[in-house]
Amino acid sequence: MIKELNLDSHAIAELVLHLGRIASSEALVEGLTPVQWAGLRYFARANRFSRTPSAFAAFHGTTRGTASQTIKNLETQGYLTRIRSETDRRSVQLVLTDKASGILVNDLFQALVRAADSLPPGVRGDFANALQRMLGQVAWERGKPTFGTCASCTHLEGDDCSREGRAPYGCGFASEPLLLEELDEVCINFVQGKPMTVRGSVSGAAPR
Ligand code: SF4
């Protein structure tokens with residue numbers, strides 16, 4: 001039987017920080033700096049409302065100027081490209097190229113993904129809820145956006161029942177329908193709400 005750890009709050013905070021540190025690298029990997037990897041990871045997970053330089057700056061906790069420089073470098077190296085939004089032709093989204101998708105499999109961050117994958121299903125749900133809660137509090141104290149996915153966002157509308165002519169889910173903030181595969185993407189407009197069970201999303205739709 002595994003003995004339950006009884007750590008104080010300081011020790012838990014140290015563990016979270018240490019986990020983040022050892023999962024990334026200070027050195028160049030595949031010729032990219034840590035912040036460039038952070039950019040690739042971000043644009044691989046961001047939804048269509050969040051694929052902008054300013055959203056990346058907010059997510060990464062950096063200035064718009066620094067974020068723009070990182071994005072420019074990634075575009076120059078052929079890892080990011082710009083596309084026009086289908087719904088609003090004036091807005092531009094940054095998306096990963098095939099070259100970027102190809103090197104993401106070598107991201108050191110994958111060790112952290114495998115570690116999360118190895119947790120028992122019951123533990124994963126509780127852990128995700130605890131981390132989301134900690135993130136919400138720290139973001140609130142520091143005046144930063146939280147970021148998160150649709151399943152626990154207060155703006156998610158729908159009941160998983162597709163009616164004629166209507167998408168099963170929608171975003172109340174953007175007043176737009178949402179595709180199932182978009183529900184697991186990271187969003188800058190996220191506001192923590194009551195977790196909703198979202199059947200059929202990519203992650204398997206556990207409440208977050
Ligand atoms: S429901 Fe929330 S997380 Fe999903 S797209 Fe809308 S604002 Fe973003």
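Predicted model: local features only at pLDDT ≥ 70, side-chain atom pairs only at ≥ 80, totals over all residues.
Me: Which residues are around the ligand?
Reply: Those around the ligand are N47, F49, T149, C150, C153, H155, L156, C171, C187 and N189, where near means that a heavy atom of the residue lies within 4 Å of the molecule.

Me: And how does that shell divide by class?
Reply: The shell has six nonpolar, four polar and no charged residues, with Ala, Val, Leu, Ile, Met, Phe, Trp, Tyr, Cys and Pro counted as nonpolar, Asp, Glu, Lys and Arg as charged, and the others, Gly among them, as polar.

Me: Switching topic, what sheet do the three strands form?
Reply: The three strands make an open sheet in the order β3-β4-β5, with antiparallel pairing; strands are DSSP runs (E, at least two residues), numbered from the N terminus, and two of them pair if DSSP finds at least two bridges between them.

Me: Which strands are at the edges?
Reply: The edge strands are β3 (156-158) and β5 (176-178), each of which pairs on one side only.

Me: How many bridges join β3 and β4?
Reply: β3 pairs with β4 (residues 169-171) over three bridges in the antiparallel sense, and L156 has C171 as its bridge partner in β4. Both L156 and C171 are also among the residues around the ligand.

Key: Residues numbered from 1 in each chain as written. Heavy atoms only, no water. Helix = DSSP H or I, 4+ residues; strand = E, 2+ residues; numbered from the N terminus.
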